[in-house]
Amino acid sequence: MKKERVISIILGGGKGTRLYPLTAERSKPAVPFAGKYRLVDIPISNCINSGFNQIYLLTQFNSASLHNHIVNSYTFDQFDRGFVEILSAEQTYSSESWYQGTADAVRKNIKHFHDQDADYYIILSGDQLYRMDFNKMLKRHIESGAKLTIAAKPISRQQATGLGIMKTDKDGMITKFYEKPAPDADISDFKVNASYLESSLGVSANESNEYLASMGIYIFSAKEMEEALSGKETDFGKEIIPGLLGKIPVASYLFDGFWEDIGTIKAFYDTNIDLASVQPQFNFYDEEMPIYTMRRFLPASKVNFCNISSSLTCEGSIITNAYIVNSIIGIRTLIESGASLDGVYVMGATCYETEKQKAENARKGIPNIGIGKGTIIKRTIIDTNARIGDGCRIGIDNIERKDGDFGAYSIHDGIIVINKFAIIPNGTSI
């Protein structure tokens, strides 16, 4: 029996403006996540765990960091034909423009996919957190007779704004699609088919699951995808999918596990901090379907006389006499005596400083990479290789705000972001 050939296509997204400044020097899929991973590790790991190990990653902005991560993380056995290949936007004789949207990005790379002679294409986003066995979705696609299958998450009306909403019949075949309805739009006609929801997930429809949202995960039959992309439409959600309804069979695949779109600073912060809770919504501790990332060969973290609770500490860190709660301590993080962190994601460092480098920086009044003595930080994201001096007060209530002129941070929805390579002098209050 012929094994179905599936090509995975991960969309790297645009400039990632909603995640700025975390995307100032890297593409969105390359943003460090959960202390030791990158966002792109999530869809790649789901593909590998599903046995779909021929993976293309489409990107066009700040791709150097992403390229380095992919090259150093995903090397397959030469006999299994697996690969993760980055396809950046390129100028050709037929096109000199960058990717104009999700569909346009796939269209411009179809010639590269032809070498694999795929039966199906699975299209994924590079900035979501979830765990899914794509084989189950592919089985649903084949058995339903669909030419396009869209993964769907049951949600409430409040959650529906900003997502693609679909209407299905009792068999889960999609009949209507509404891209990002406004909060006051009447979408009552799109309420979930109760019998389909109950037969698929074994739950009854209520206010928390009365609509079906597109997760931005698509399986196309190869021929139909190429035909759908033969025009000039640039976006799957806004143009391609609505245009296909009524022309080809389009099925939904219901998914009721954890799923989060990590597209904003607030969503990024909240999702990370939740991972450090006693019972996080997403479980990284799953040996059957692990999340893969770069092998760094770092030593275990060293913890000296600390009080740490509801937190994650990643390898290679040295933490001394600190109080840490509801926080994530990324790789190679150095935290000095007397520091206090509450609700902080420290991304860590890309290297250790030598004693000579530390001495030279001290003479210039520059703090070491990491967090200095007696510094107190709350509700903050600290990007990689940031230097935070001694006695700083960051995110503390009733502290006079002193922005200074060093341009090393910004505030988004009440969350402070300390920029990559930022230098926060001793005694700074933010």
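Guide: Phe33, Tyr37, Phe258, Phe268, Phe282, Phe284 and Tyr345 form one aromatic cluster. Please keep in mind throughout that this is a predicted model.

Visitor: Let's stay with Phe282. Where does Phe282 lie, and is Phe282 buried or exposed?
Guide: Phe282 lies in the loop between α10, residues 265-275, and β14, residues 302-304, and with a relative accessible area of 3% Phe282 is buried.

Visitor: What does Phe282 touch, apart from residues up to four places away in sequence?
Guide: With those set aside, Phe282 touches Leu129, Tyr130, Arg131, Phe258, Asp274, Leu275 and Ile291. Phe258 is a member of the aromatic cluster as well, while Leu129 is 153 residues from Phe282 in sequence and 8.0 Å from Phe282 in space, taken from C-alpha to C-alpha.

Visitor: How many aromatic pairs turn up in the whole structure?
Guide: A search of the whole structure finds 13 aromatic pairs. One of them is formed by Phe220 and Phe236, a tilted pair with 5.8 Å from centre to centre and 45° between the planes.

Visitor: Which elements do Phe220 and Phe236 come from?
Guide: Phe220 belongs to strand β11, residues 211-221, and Phe236 to helix α9, residues 236-244, so that the pair, at 16 residues apart, links distant parts of the chain. Phe220 and Phe236 are both buried.

Visitor: And which residue lies over the face of Tyr352?
Guide: That is Arg332, which lies over the face of the Tyr352 ring at 6.0 Å from the ring centre.

Visitor: On to charges, then. How many salt bridges are there?
Guide: The count comes to 14 salt bridges. Among them is the one between the side chains of Asp383 and Arg26, with an N to O distance of 2.9 Å. This pair links distant parts of the chain, 357 residues apart, with Asp383 in the loop between β23 (376-382) and β24 (387-388) and Arg26 in the loop between β1 and β2.

Visitor: Are Asp383 and Arg26 buried or exposed?
Guide: Asp383 is buried, and Arg26 is buried too.

Visitor: What about Lys28, where does that one lie?
Guide: Lys28 lies in the loop between β1, residues 6-11, and β2, residues 32-33, and at a relative accessible area of 13% Lys28 is buried. The side chain of Lys28 is joined to that of Asp127 by a polar contact of 3.0 Å. Leaving aside neighbours within four places in sequence, Lys28 is in contact with Gly12, Gly16, Leu19, Thr23, Leu39 and Asp127.

Visitor: Last topic, cysteines. How many disulfides does the count give?
Guide: The count comes to 0 disulfides. Cys314 is in no disulfide, and the nearest cysteine sulfur, that of Cys306, is 15 Å away; a disulfide would need the two sulfur atoms within 2.5 Å. Cys314 counts as buried, at 7% relative accessibility.

Visitor: And what is the nearest cysteine sulfur to Cys351?
Guide: For Cys351 the nearest cysteine sulfur is that of Cys314, 17 Å away, and Cys351 is likewise in no disulfide. Cys351 is partly exposed, with a relative accessible area of 42%.

Visitor: One more before I go: where does His112 lie?
Guide: His112 lies in helix α4, residues 110-113, and is partly exposed, with a relative accessible area of 25%. His112 and Ile331 are 219 residues apart in sequence and 36 Å apart in space, C-alpha to C-alpha.

How values were computed: Residues are numbered from 1 along each chain as its sequence is written. This is a predicted model: local features need pLDDT of at least 70, side-chain atom pairs count only at pLDDT 80 or more; totals for chains, interfaces and linings use all residues. Side-chain values use heavy atoms; hydrogens and water are left out. Buried means under 20% relative accessible area, exposed over 50%, partly exposed in between (1.4 Å probe, protein chains only). Helices (H or I, at least four residues) and strands (E, at least two) are DSSP runs, numbered from the N terminus. Contact means heavy atoms within 4.5 Å. A polar contact is a pair of N or O atoms within 3.5 Å; within protein, one must be able to donate a hydrogen and the other to accept it, and residues adjacent in sequence count only if both atoms are side-chain atoms. Rings of Phe, Tyr and Trp (its six-membered ring) pair if their centres lie within 6.5 Å; planes under 30 degrees apart count as stacked, over 60 as edge-to-face and the rest as tilted. A charge sits over a ring if NZ of Lys or CZ of Arg is within 6 Å of the ring centre and within 35 degrees of the ring normal. A salt bridge is a side-chain nitrogen of Lys or Arg within 4 Å of a carboxyl oxygen of Asp or Glu.
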